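Hi,

Here is the structure I said I'd pass along.

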Amino acid sequence: MHIAAGKCIVPPASTGTREKIRLLLVADLFYKIAHFEQGHARLHPTAQGLGMSAALLAELVISGHLDIHPTTPADRTPPALVVSVHRRVYPPPDLLQHEIFDTLVREREQRTVSEWLRYLAFSAEIKVAERLVRDRVLERSMHGSLRRKTRFEPLDGTSFVGAHAHLATSLMNARQLSDNDWVWAAGLCFATGLHRDMVEPDPASRSQQYLLFLLRLLPPAGQTLMNTTQADIADAVLTHR
Amino acid sequence: MTVVAAGMAVGFAITGNAGLPLVCLVVVAALALFSVGYVAMSRHLVNAGSFYTYITHGLARPWGVGAAFIAKAGYNAVQVGLYGAFGAVASAYAVQRLHLDTPWWTWALGEWLVIGLFGILRIDINGCVLGILLGAEIVLILIYDTVMLTHPYQGTYSLGALSPGHLATPTFGAAAVAIIAWFIGFEATTVFSEEAKDPVRTIGRATYLSLFLIGALYCVTSLAMTITAGPGNIVDVAVAQQTELLFGLTSPHIGGFFIDAGNVLALTSLFAAGLSFHNTCARYGFSMAREQVLPVVLAATSLRNMAPRNSSLLQSAIGLAVIAIYAVAGFDPLVHLFFWLSTWGALAVLVLMFLTSFAVLRYFGAKGTGSRLQEGRWRTVTAPLLAVAALGYILFQTLANYHHLLGVGRSDPAAWLFPVALGVLFAAGVGWAMWLRRNRPEAYRLIGRGRTASAVASAGGGYA
């Protein structure tokens with residue numbers, strides 16, 4: 001449902017109380033999949049940053065606070081994609097989601113998805129890591145000559161390996177994914193290229209076809225988000241960012 | 001330094017035209033006219049493969065794919081040709097300074113190995129280091145220019161190289177294409193239009209500034225060479241000294257340090273140019289593959305460093321094959337590898353610029369008066385028309401006298417083989433586009449769409 005900014009009409013899409021709502025923290029899941037058990041990233045920092053910022057935007061799309069739709073200004077080719085923020089009675093329940101939501105709301109100018117992705121990419125990974133520290137999934141450690149560099153290390157590395165292995169096995173065997181957040185995580189893996197570690201190289205293979213099937217299960221805003229992330233990463237390859 | 005040390009020397013020697021400084025001025029003027037419409041187009045279309053995208057949108061998709069094939073082959077040729085120049089210069093320098101007689105291809109293979117590794121590891125020369133090297137090269141060239149200009153041939157200044165008669169000789173086209181090869185890369189500014197804070201102003205300024213500054217440096221240096229060697233002797237001296245021309249002309253009047261520094265900077269410049277063209281080719285291949293014009297497998301990147309891995313490996317494979325063929329056949333690395341291939345690449349760029357000027361005319365014509373009023377008649381009609389005329393004339397002159405560019409007889413097979421190869425590539429591209437239209441319409445629709453050529457939308461598989 002599209003709701004004009006400022007009109008507070010719709011309660012969260014649940015019949016229960018806030019406590020009963022299961023938060024879909026896609027960024028947390030993607031963080032686990034995109035890191036090795038020692039905490040090292042599997043992706044290049046640019047792809048990692050864009051993937052994490054896409055994951056944060058995805059959380060707001062899932063919670064219904066954000067929509068992404070195409071628009072066609074006369075002088076732009078291809079069409080720009082704009083973010084429209086939905087103000088609701090209830091703000092996003094998660095602290096980090098709330099922070100991102102506030103950032104989106106504060107911006108007066110209409111920004112494209114690509115602009116948001118690149119802006120959020122600067123800090124997305126650290127913000128998600130800090131959320132995982134609060135949830136006691138990661139711990140912060142200092143290293144370097146003057147101990148000024150922060151490193152995030154998993155408290156339980158097997159959960160990181162397990163997340164990656166679970167998605168990879170599900171894709172390889174075309175096994176139904178248990179929850180919606182895994183479908184979103186699969187989309188993020190596709191957008192960042194991480195899926196190439198998980199599926200067969202042949203585009204016609206069962207695993208790749210299953211991944212494409214999963215992508216089509218995402219709502220239009222989700223597909224747009226994945227497309228834009230993928231395009232931004234490809235642009236980063238071309239411009240050597 | 002690549003151009004001044006290697007390009008100019010071989011340019012004088014092969015084309016036999018002593019009027020390179022004047023032809024350089026004409027080429028700068030033609031490129032400036034071309035840039036007017038080109039920069040205007042960059043404000044409306046953003047894509048890394050500028051020529052290909054503009055031709056696709058201005059003319060038609062089949063034309064665009066034909067242009068893409070030409071562009072890919074042309075840039076590949078320039079990159080591979082640079083191995084020959086590096087090998088020749090390094091081998092000559094090793095003989096002089098190290099008394100080490102090694103074949104050119106050992107140095108070329110060394111460079112190939114390093115560039116290939118840098119390509120797949122996504123290692124680029126640091127911008128700061130490049131800036132220092134470029135600054136040092138410019139300072140050194142200005143010193144050489146001063147030395148040459150203050151030591152004219154037999155004590156008298158002769159501006160014979162600027163005689164308009166040089167424009168009427170049959171070698172004009174060959175000289176013009178050889179000079180266009182010096183400027184390859186100036187068109188890359190539009191790639192960064194999306195990155196620029198104010199693309200409307202910045203890209204235009206960057207393009208014109210690079211064109212005029214580089215043009216002035218090349219014109220003055222080539223003129224200084226003719227003044228110190230004598231306009232009547234420059235061709236013979238260039239034939240005799242080849243890549244040592246610049247150093248041979250200046251060494252009697254300058255300390256050995258400056259000659260050594262020039263040689264070292266020539267090598268670093270050739271290496272930087274080789275690496276830069278390698279990366280350009282790899283990214284061009286990646287860009288075409290993500291639009292499915294080339295096999296999607298070439299769009300695969302490395303997860304860890306985001307290098308366009310497969311496209312880079314293909315470029316390295318082509319380089320190795322060419323070095324091996326030239327080494328086994330015993331061809332001259334400087335003339336047959338560097339000059340022949342880089343000028344063929346320049347011919348490809350000339351054809352692309354010619355087609356792009358047409359595309360600018362048609363693009364703004366089709367968009368209607370709104371866009372024309374926004375950009376102005378000069379940018380959308382007058383300058384592109386003048387560019388079509390100027391580039392068309394140079395192209396005609398080149399194709400009619402291509403044997404001058406190769407330094408062979410008119411009846412030599414190479415004289416028609418190179419231009420025909422471009423035609424075959426263009427026809428192959430057009431044919432491929434027609435095949436895509438019939439058999440894979442969804443891929444055909446992606447042509448020229450750049451970043452929106454998404455795999456999710458097209459269900460064509462991931463590549464990021």
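Start with A:Arg136, which sits in the chain A loop that runs between α5 (124-134) and β3 (138-143). Keep in mind that this is a predicted model. For background, most residues other than glycine have a negative phi. Is A:Arg136 buried or exposed? Its relative accessible area is 64%, and because anything over 50% counts as exposed, A:Arg136 is exposed.

Now hop over to chain B. B:Met306 is in a loop too, this one between α11 (256-290) and α12 (309-329). Its phi is near 60 degrees, again a positive value in a residue other than glycine. As for accessibility, B:Met306 has a relative accessible area of 3%. The cut-off for buried is under 20%, so B:Met306 is buried.

The last one is B:Thr221, which you'll find in helix α8 (residues 199-229) of chain B. Its relative accessibility is 0%, so B:Thr221 counts as buried. Which residues does B:Thr221 touch, leaving aside those up to four places away in sequence? They are B:Val4, B:Met8, B:Ile141, B:Asp145 and B:Met148. There is also a polar detail to check: a polar atom of the B:Thr221 side chain lies 2.7 Å from the backbone oxygen of B:Leu217.

Cheers

How values were computed:
Residues are numbered from 1 along each chain as its sequence is written. Chains are lettered from A and ligands numbered from 1 in the order in which they are written. This is a predicted model: local features need pLDDT of at least 70, side-chain atom pairs count only at pLDDT 80 or more; totals for chains, interfaces and linings use all residues. Side-chain values use heavy atoms; hydrogens and water are left out. Helices (H or I, at least four residues) and strands (E, at least two) are DSSP runs, numbered from the N terminus. Buried means under 20% relative accessible area, exposed over 50%, partly exposed in between (1.4 Å probe, protein chains only). A polar contact is a pair of N or O atoms within 3.5 Å; within protein, one must be able to donate a hydrogen and the other to accept it, and residues adjacent in sequence count only if both atoms are side-chain atoms. Contact means heavy atoms within 4.5 Å.
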